[in-house]
Amino acid sequence: MSAPAAPPAPPRPAASREPARDRSRPRRNPRLPRTGAGAIAAAVVLGVPAAVVTFSDLLGIDDRTPFVQTIAFRPQLAAGLTVFALLVGLLARRAWPVAAALGLVGVLGLAMVLPRAIGSSEAGATGGPELTVLTASAYLSRADPDALAALITSRTPDVVVLPEARGVLRDRLQQALVDTSGGEEGTSGYRVFAADARRDDSPMTVFVRRELGRPTATPNRDTEFPSLILDFDDVDGQPVRVVATHPQSPKPGDTNAWKRDVEALSRWCTGDRPTVVAGDLNATLDHAELRDAIDGCTDAASDVGEGLTGTWPSAAPRLLGVQIDHVLTSGGPAAREVEIVDVEGSDHRGVLARVGLG
C-alpha cells in the first residue's frame, strides 16, 4: 500500500512592504498636536513683550514712558491676556506654546491684583470714633456745582477734598454748603479752606464740617501742586491729621515731576500720628513708586475690597478704569467702608471712605 499523500502546506503570508518600526523611538501620542518651531517662536515673540508690559514695575522701568501709563492698567492687561490665552488654546491647539506663555503672564498678573478685590479680614470694624472723607477731583473746576453740592449734603462727609476746584465752582459750593443764615460764623454746614497753585491750574479746596471745630490749616507748596494739611485736636476724643494732596500726573516723555511728587507722599506715612491722606494721587498701587512712598500707609479701598474699581476716566466702565484717587490711613486709623461715587461733570469718580480712628 502506498502512504497517504501529505496535506498541502498553508500558504505563507506575503511579506509586509512596510519597514519594521524602530521600537527604540518613542511613540508619539496622537492626541497631542505636533508643535512646530513657528509656534515656539511666536510664544517668545508675544510672551516676552507681554511680560515686560505687565511686570514693568518689577523690572524697575515703570517710571518711564510708556510703561508709567500702561502699568496702571495691569488688572485689565492680566485679565485680557488670560482670556486670550484660553481662546488660543481652544481654537488653535497647535499654538499651545503661545497660549501657555500668555496665560502664565495673565495668571501671575491676576494673582498680583486680586487681593485688592478681596480686602483685609480686619477691615470693616464698627464702633468708636470715626471720620468720613470724600475726595473728588473737580476736573479743572468743570464739575457740576449743584450735583456736587447735592452729593455732599446727602452723604454729609466730615471732610471734602477737592483737587482742581477754584473760582466759580468754589464760590458756588461755598454758597451751597456754608450756613447762609450765619455765614462763616454760623453753627452748621461747612467751613472752606483753600490753597491756590502758583499757576492756578490745580488748586486745592477742602470743606470741613463745623461740628469738627476749626482745624489748623497749613498749605504745603513743596510739590508742583499745593497740599493742605488740616490738624484736628479733637475728633470724638481723637486727634487726627488730614492731608489733602494732588501729585502731578506723569507727562509722556517727562515723568520727573511726577516721581518727585509721588515720593513726597512718604512724609505723611510715617505712622507718628493718626493721619488720613486723600486726593487724586495720579498713580495706582501697580506703580512701584507709589507702593514705596506709602509703605507706612494703608489704602482704604483695597483694605475693604474696592481696590479694583476705576476712578478714572469716569467715561469708562468701572472695571475698565484705573484707581488713581485714594484715601490712605496711617498711625492708627483704619478703613471701615469705601464707596466709589460718580461726580457729574468730572473726568474722575470720587472716593467716599468711612475711617475708624481707633
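## A first look around the model

Thr205 is found in strand 4 (residues 204-209); strands here are DSSP runs of E with at least two residues, helices are runs of H or I with at least four, and both are numbered from the N terminus. This is a predicted model, where local features need pLDDT of at least 70, side-chain atom pairs count only at pLDDT 80 or more, and totals for chains, interfaces and linings use all residues. Residues are numbered from 1 along each chain as its sequence is written, and side-chain values use heavy atoms, with hydrogens and water left out.

Back to that threonine. Thr205 counts as buried because its relative accessibility is 0%; buried means under 20% relative accessible area, exposed over 50%, and partly exposed in between, using a 1.4 Å probe on protein chains only. A polar atom of the Thr205 side chain sits 2.6 Å from the backbone oxygen of Ala165. Such a polar contact is a pair of N or O atoms within 3.5 Å; within protein, one must be able to donate a hydrogen and the other to accept it, and residues adjacent in sequence count only if both atoms are side-chain atoms. Leaving aside residues up to four places away in sequence, Thr205 touches Val160, Val161, Leu162, Ala165, Arg170, Val192, Phe193 and Ala194, where contact means heavy atoms within 4.5 Å.

Not counting residues up to four places away in sequence, Ser141 touches Glu164, Ala165, Arg166 and Leu169. Its side chain reaches the backbone nitrogen of Arg166 at 2.9 Å.

Stepping back, the protein has 10 helices and 12 strands. Of its 358 residues, 47% count as buried. Among contacts between residues at least 6 apart in sequence, 70% join residues at least 24 apart.

With 18 residues (96-113) at 1.5 Å a residue, helix 4 should span 26 Å, and its end C-alpha atoms are 26 Å apart, so the two agree; the expected span is 1.5 Å times one less than the number of residues. The buried residues of helix 4 are Pro97, Val98, Ala99, Leu102, Gly103, Val105, Gly106, Gly109 and Val113. They pack against helix 1 (37-54), helix 3 (74-91) and helix 5 (115-118).

| Space | Volume | Lining by class |
|---|---|---|
| Largest pocket | About 520 Å³ | 12 nonpolar, nine polar, six charged |
| Second largest pocket | About 210 Å³ | 10 nonpolar, eight polar, two charged |
| Largest cavity | About 50 Å³ | three nonpolar, four polar, two charged |

On a 1 Å grid over the protein atoms alone, a cavity is a set of points where a 1.4 Å probe fits but cannot get out, a pocket is an open set with protein on both sides within 12 Å along at least five of seven lines, and lining residues have an atom within 4 Å of a point. Grid points are joined across faces, edges and corners, and a volume is the space filled by probe spheres set on the points. Ala, Val, Leu, Ile, Met, Phe, Trp, Tyr, Cys and Pro count as nonpolar, Asp, Glu, Lys and Arg as charged, and the others, Gly among them, as polar.

The largest pocket, about 520 Å³, is lined by 27 residues, and those closest to its centre are Ser249, Pro250, Asn282, Trp312 and Ile324. The second largest pocket, about 210 Å³, has 20 lining residues, with Pro75, Gln76, Gly307, Leu308 and Gly321 closest to its centre.
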